[in-house]
Amino acid sequence: MNRFSDRKFVIAAIFIFIGVVFLLRLFYIQVLDDDYKLSANNNVLRYVTQYPARGLIYDRDGELLVYNEAAYDLMVTPRQVKDLDTQNFCTTLGITKEVFIKKMKAARNYSPYKESIFEKQLSAETYATLQEKLYSFHGFYVQSRTLRKYPGLIAAHTLGYVGEVSEKYTQENPYYKSGDYIGISGVEKSYEKELRGKKGLSVMMVDVFNRPKGKFNNGEYDTLAVTGQNLVTALSAKLQRYGEQLMQGKTGGIVAIEPSTGEILAAISAPSYNPNLLVGRERSKNYGMLLQTEGLPLFNRALMAYYPPGSTFKLINDLIGQQEGVLTPNTSYYCDGGYHMGRQTVKCDARHNSIQLRAAVQHSCNTYHCYVFRSIVDNKKYKSTEEGYQVWRNHVLTFGIGVRLYSDLPQELKGMVPSVQYYDKYFGKGRWRSSTVVSLSIGQGELGITPLQMANTMCIIANRGYYYTPHIIKKVGKENLHLSKFKEKHYTDIDPKYYDVMIDGMQDVVDIGTAAGSKIKGITFCGKTGTAQNPHGKDHSLFVAFAPRENPKIAIGIMVENGGWGASWAAPIASLMIEKYLNDSIATPARHALEKRMLEGVIIMPKK
Amino acid sequence: MREQGGIFKNLDPVLVALYVLMVIMGWLNIYASVFNDEHQSIFDFSQKYGKQMLWICTAFLLAIIVLIIDGNFYSAFSYPVYGISIISLILVLFIGKEISGSKSWFRVGEFGIQPAEFAKFAANMALAKYLSNINIKMTDARTKIISVALILLPILLIVLENETGCALVFFAFILVLYREGLSGNILLLGTAAAILFVLALLINKFILIGIIAGVALLLLLIVRRNRQNLAIIFGALFFASATIYSVDYAFSHLEPHQKKRINVFLGKETDKKKAGYNVNQSLIAIGSGGLSGKGYLQGTQTKYDFVPEQSTDFIFCTVGEEWGFVGSSVVIILFIILLLRIIFIAERQRSSYTRIYGYGVASILFFHLLVNIGMTIGLAPVIGIPLPFFSYGGSSLWSFTILLFIFIKMDAYRLQVLR
Ligand SMILES: [Zn+2]
């Protein structure tokens with residue numbers, strides 16, 4: 001016998017004591033206390049998610065761009081479906097028995113106990129008849145939701161769309177449940193958190209016949225849905241709409257920005273689509289249809305398409321030349337109709353003879369700009385072509401070209417400014433000179449710039465050396481809190497004093513130069529035409545501008561695919577948009593004729 | 001010569017009957033908790049009851065293997081078994097599969113194995129082996145340190161795996177140490193520490209230490225101020241402060257969801273949607289069972305997925321809802337009978353290894369019962385540990401089966417040796 005043998009009684013007593021405590025507690029909650037007897041008549045709880053209304057979206061003048069419309073989903077909890085009059089049910093919904101079986105099976109596979117969507121977005125009539133009979137369809141109930149509506153039919157790419165969240169995303173973000181909606185592109189995506197609000201939950205008691213018996217515990221477990229915040233965008237619906245009309249029948253992109261704030265006034269991608277197509281039951285069908293449509297309407301050219309900037313790029317090249325000290329307004333070069341390197345020639349439109357900087361901008365002299373480029377890259381200061389080129393490239397990057405601008409629109413691409421490594425790989429290390437890549441000076445070759453970046457460079461010149469990150473948002477809810485990061489000035493590394501001569505030259509372009517056909521009566525503005533070489537067909541028509549010259553209100557970048565010369569399509573369309581934005585209307589008969597020609601003009605896309 | 005079927009000879013019929021009864025009751029309740037019309041076959045392995053059926057069959061097989069192995073084996077191989085268990089606890093940290101934040105599973109196809117479950121009987125064997133040594137006295141400091149170390153090692157590893165609930169089970173061994181001669185004061189001290197632990201979470205640490213210091217001061221005034229009393233009072237004061245500080249420190253290093261659970265349990269926070277929600281739903285399910293229950297497979301609360309993890313940690317809800325107070329009482333009484341029977345058998349052993357091992361079995365089962373049922377009826381915090389023999393899960397069923405049947409075998413072996 002063990003010395004501590006008596007301790008068995010202590011331990012046994014502990015065991016018995018706990019057993020007795022448990023029995024007493026169970027007796028209390030199971031027999032005495034009525035608080036937990038909610039199931040005395042077999043009530044069950046139903047969890048109903050309260051979907052908040054998504055925030056509305058306005059333009060800068062208060063025009064409503066996006067609102068919500070009520071929609072009704074028929075939900076099912078398979079385990080609760082009992083004694084269903086299937087025939088009646090199918091007739092009410094207008095579905096066949098096969099469809100019914102298929103849908104029930106899908107719901108059961110998801111979960112026999114949890115509710116899932118049986119039929120999405122019932123039509124108004126179906127909802128009305130169903131409502132009357134719903135009491136007899138045990139296990140079914142209707143969940144109200146909202147659908148997005150786009151009354152203006154504009155800015156489809158910028159506003160984006162809302163769709164069902166992917167399974168994968170619900171696993172990473174527990175806020176979302178299967179079947180929930182989420183912003184998939186555009187503003188709907190970037191401001192999803194602000195727009196969506198917060199879901200609520202109400203716990204209902206229902207009896208075995210699925211009849212609501214009121215809130216469980218007086219709603220103590222309920223949470224209220226919080227409506228999403230409204231957004232005011234920087235878009236000008238007026239300008240956006242006008243731009244979209246002008247781009248009818250054409251392909252390309254336009255971005256307009258307010259230089260003093262960085263606010264995106266318009267972002268146009270043509271061809272576009274009706275944003276209401278990507279809403280509701282028909283969404284995936286329409287999406288598939290749009291994917292097949294010629295001209296790729298789903299492709300957001302304003303932010304994603306990049307083209308060689310053509311002559312519009314000469315401005316940047318000249319600014320770099322001045323900053324590097326190899327170019328002054330008085331520098332003159334001789335143009336005999338082209339720039340010659342051995343047997344190769346970069347052709348010029350005309351023979352400009354001896355020409356200075358301002359005139360070279362006005363006439364867009366290729367020869368002049370080739371000289372400028374080579375003087376920058378071959379500067380004696382730098383040991384090699386590579387080093388000189390690197391200096392040139394670094395200057396270019398500060399203009400927001402070849403880098404992402406990090407605007408608040410998804411999908412933005414960074415364009416292309418080839419690196420030293422790129423050319424080393426392409427030509428071989430040490431096997432390329434400034435002459436090899438001289439076409440960069442006139443915006444051809446491997447350069448790629450998006451319309452957003454084009455407009456942004458105009459903001460830089462209008463502001464004489466800086467830009468604000470372009471952004472679509474003006475206000476979230478009632479506060480401007482989100483805007484702080486858009487209040488920061490981003491400087492180029494070009495001294496402000498070098499901009500004056502460029503601005504003079506750009507005014508000449510509009511007054512007496514390549515874009516003289518797009519003059520606006522009463523508005524002095526500055527611009528530059530461009531033509532992007534297109535190996536697949538007719539060249540792309542480009543134009544950049546800001547207006548008015550003093551206190552600029554709008555900077556614009558436009559690209560019309562296969563439009564030929566910059567002056568033929570891009571400059572007129574941009575000038576009309578500028579006039580409309582600044583003056584609200586088009587003034588003279590001559591301008592009206594131009595407007596008509598632009599509106600009705602159709603550019604046939606070459607077959608690829 | 002032993003005749004055929006000898007392995008079933010001398011088995012304690014009460015223990016074996018209780019075991020079989022509980023496992024069957026457990027399966028019936030798992031079936032009820034996941035029951036639905038679509039899956040009817042009890043061998044449907046896509047369903048939990050189908051899998052559990054497989055676990056039960058293999059558990060019976062394991063029990064038979066445990067009984068076949070020679071009675072000397074367990075005592076002789078206690079340390080190697082313990083060593084293997086520790087190694088697998090370490091291995092799982094590196095090659096284990098992470099399931100909801102815990103890295104404690106080896107995954108084999110559809111099925112998972114949790115080494116932490118098996119560490120229970122391994123630690124029990126090692127402790128029994130060590131304490132049954134003739135030269136060991138529980139009063140020696142060395143004995144205490146080694147015993148505690150044997151217990152603490154698996155605790156540490158399991159905490160690293162993020163299975164805090166499972167690690168807590170090892171504290172049950174304090175009952176074994178008590179039975180083997182650990183001062184009753186330490187048992188009291190342990191209880192006091194547990195109370196202090198809860199208080200430390202409830203009250204600001206400075207206020208709490210202030211109160212305790214006040215009590216100590218009061219005691220100093222009342223009692224005779226001889227050396228022994230002073231040592232006790234200051235020792236207790238130091239011990240209390242250290243406990244409070246370490247609790248405070250540990251709490252501030254918990255995961256947010258664990259903090260929340262504790263706060264909800266202590267009533268500091270009302271969170272009816274998350275941690276508190278489980279307990280509330282569980283109480284509703286059990287409470288709605290009434291005196292005689294709603295009848296088998298008739299439960300609504302447990303059936304409609306209102307109680308989370310109802311086939312594992314909250315299996316007792318199904319018992320409570322469908323079988324009522326009568327059924328839940330039967331389950332609790334069966335457990336108490338099992339525990340008392342184990343103690344009774346342990347005390348009749350001549351081999352101290354078997355006795356100590358038996359107390360270990362009783363302690364582990366008791367701790368699981370205490371925390372699991374305590375949790376479902378709102379008397380203990382929500383710590384996810386299974387109800388022995390009832391809860392769904394292969395690792396825990398296997399582990400409890402091995403734990404219990406080693407004891408049954410050793411008890412039977414005792415009689416064989418006598419003959
Ligand atoms: Zn020229």
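**Close-up views of a predicted model**

**View 1. A:Glu258 stands opposite A:Glu263 of strand β12(A).** The model shown here is predicted. A:Glu258 belongs to strand β11 of chain A, which covers residues 252–258. Strand β12 of chain A covers residues 263–270. Seven bridges join β11(A) to β12(A), and the two strands run antiparallel. Four residues lie between the strands of this hairpin. A:Gly262 takes a positive phi there, near 85 degrees.

**View 2. Strand β11(A) is largely enclosed by the rest of the structure.** In β11(A), A:Gly252, A:Ile254, A:Ala256 and A:Glu258 point one way. A:Gly253, A:Val255 and A:Ile257 point the other way. Strand β22 of chain A, residues 554–560, also pairs with β11(A). Six bridges join these two strands, which run antiparallel. A:Val255 has A:Gly557 of β22(A) as its bridge partner.

**View 3. A:Lys474 forms a salt bridge with A:Glu263.** Their closest N and O atoms are 3.2 Å apart. The pair links distant parts of the chain: A:Lys474 is in strand β18 and A:Glu263 in strand β12, 211 residues apart. A:Glu263 is buried, with a relative accessible area of 8%. A:Lys474 is partly exposed, at 25%.

**View 4. Four protein donors hold positions around the zinc ion.** Along the chain they follow the spacing C-x12-C-x3-H-x12-C. A:Cys348 sits in the loop between β15 and β16, and A:Cys365 in the loop between α13 and α14. Both of these cysteines are buried. The donor atoms subtend angles of 104 to 116 degrees at the zinc ion, so the arrangement is tetrahedral. The ideal angle for four tetrahedral donors is 109.5 degrees.

**View 5. A:Glu579 forms a salt bridge with A:Arg591.** The closest N and O atoms are 2.8 Å apart. The bridge links helix α19, which holds A:Glu579, to helix α20, which holds A:Arg591. A:Glu579 is buried at 0% relative accessibility. A:Arg591 is buried at 5%.

**View 6. In chain B, B:Asp411 forms a salt bridge with B:Arg348.** Their closest N and O atoms are 3.0 Å apart. B:Asp411 lies in helix α16, and B:Arg348 in the loop between α14 and α15, 63 residues apart. B:Asp411 is buried, with a relative accessible area of 1%. B:Arg348 is partly exposed, at 29%.

Notes: Residues numbered from 1 in each chain as written. Chains lettered and ligands numbered in written order. Predicted model: local features only at pLDDT ≥ 70, side-chain atom pairs only at ≥ 80, totals over all residues. Heavy atoms only, no water. Donors = N, O, S within 2.8 Å, 3.2 Å for Na, K, Ca; no water. Tetrahedral: all angles 85-135°; square planar, octahedral: opposite > 155°, others 65-115°. Buried < 20%, exposed > 50% of the residue type's maximum accessible area, 1.4 Å probe, protein only. Pairing = 2+ DSSP bridges. Salt bridge = Lys/Arg side-chain N within 4 Å of Asp/Glu carboxyl O.
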